[in-house]
Amino acid sequence: QVQLVESGGGLVQAGGSLRLSCVASGLTFRHYDMGWFRQALGKEREFVARINWSGDVTSYRDSVKGRFTISRDNRASTVYLQMNSLKPEDTAVYYCAARLDSYGEYNYWGQGTQVTVSS
């Protein structure tokens with residue numbers, strides 16, 4: 001059974017930082033692309049960042065470039081999202097996801113972790 005478990009969310013003031021973690025189990029982690037998505041209240045889920053299986057290719061949505069960094073530790077089956085210079089508009093539930101095909105749909109999703117940025 002595949003499980004993705006996020007942690008690290010919380011309440012932070014604007015300009016602060018948080019580091020999200022997502023631990024995967026039940027799959028061969030090093031074979032999977034990993035992504036972070038978020039969904040704000042009343043809005044659709046949106047892509048935030050992704051990292052390829054080896055960690056040498058990353059991409060970000062424009063609004064987080066230069067502030068967020070995605071990374072992974074294949075030995076620990078964990079993907080991270082370092083979030084700096086947080087803004088109130090970053091407030092959302094953040095989800096990690098895994099996909100076997102770099103150009104396909106994400107196969108597995110975590111349950112999410114809440115990030116709230118106060119102004």
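## Close-up views of a predicted model

Figure 1. Buried stands for under 20% relative accessible area, exposed for over 50%, and partly exposed for the range in between, with a 1.4 Å probe and protein chains only. Strands are DSSP runs of E with at least two residues, numbered from the N terminus. The model is predicted, so local features need pLDDT of at least 70 and side-chain atom pairs count only at pLDDT 80 or more, while totals for chains, interfaces and linings use all residues. Residues are numbered from 1 along each chain as its sequence is written, and side-chain values use heavy atoms, with hydrogens and water left out. Three bridges join β9 to strand β11 (residues 113–118) in an antiparallel arrangement, and V93 stands opposite Q114 of β11. Strand β10 (residues 108–109) pairs with β9 over two bridges, also in the antiparallel sense; here the bridge partner of A97 is W109. Pairing of two strands requires that DSSP find at least two bridges between them.

Figure 2. Six of the seven residues of β4 (residues 33–39) are buried, so β4 is largely enclosed by the rest of the structure. Seven bridges connect β4 with strand β9 (residues 92–99), and the two run antiparallel. Along this pairing, W36 has C96 as its bridge partner, and D33 stands opposite R99. β4 also pairs with strand β5 (residues 46–51), through five bridges in the antiparallel sense, with F37 opposite F47. The hairpin of β4 and β5 has six residues between the strands, and in it G42 takes a positive phi near 80 degrees.

**Figure 3. Surroundings of G35.** G35 lies in strand β4 and counts as buried, at 0% relative accessibility. Not counting residues up to four places away in sequence, G35 touches A49, R50, Y95, C96, A97 and Y106. Contact is taken as heavy atoms within 4.5 Å.

Figure 4. E6 sits in strand β1 (residues 3–7). This residue is buried but has no salt bridge, and the nearest side chain of opposite charge, R45, is 8.9 Å away. For charge, Lys and Arg count as positive and Asp and Glu as negative, while His and the chain ends are not counted. A polar atom of the E6 side chain lies 3.0 Å from the backbone nitrogen of Q111. The E6 side chain also reaches the backbone nitrogen of G112, at 2.9 Å. Both are polar contacts, that is, pairs of N or O atoms within 3.5 Å; within protein, one atom must be able to donate a hydrogen and the other to accept it, and residues adjacent in sequence count only if both atoms are side-chain atoms. Leaving aside neighbours within four places in sequence, the residues in contact with E6 include W36, Y94, Y95 and C96.

**Figure 5. The open sheet β1-β3-β8-β7.** Four strands, in the order β1-β3-β8-β7, form an open sheet with antiparallel pairing. β1 and β7 (68–73) stand at the edges with a single partner strand each, so one side of each is left without a neighbour in the sheet. Neighbouring strands of this sheet are turned by 15 degrees against each other on average, direction ignored; the axes are lines fitted to C-alpha atoms, and angles run from 0 to 180 degrees between N-to-C directions. Strand β3 (residues 18–25) and strand β8 (residues 78–83) pair over six bridges in the antiparallel sense, and R19 stands opposite Q82.

**Figure 6. Salt bridges.** A salt bridge is a side-chain nitrogen of Lys or Arg within 4 Å of a carboxyl oxygen of Asp or Glu, and the count by this rule comes to eight. D33 and R50 meet in one of them, at 2.2 Å from N to O. This pair links distant parts of the chain, with D33 in strand β4 and R50 in strand β5, 17 residues apart. D33 is buried, at 1% relative accessibility, and R50 is buried with a relative accessible area of 14%. D62 forms a salt bridge with K65, the closest N and O atoms being 3.0 Å apart; D62 is exposed, at 62% relative accessibility.
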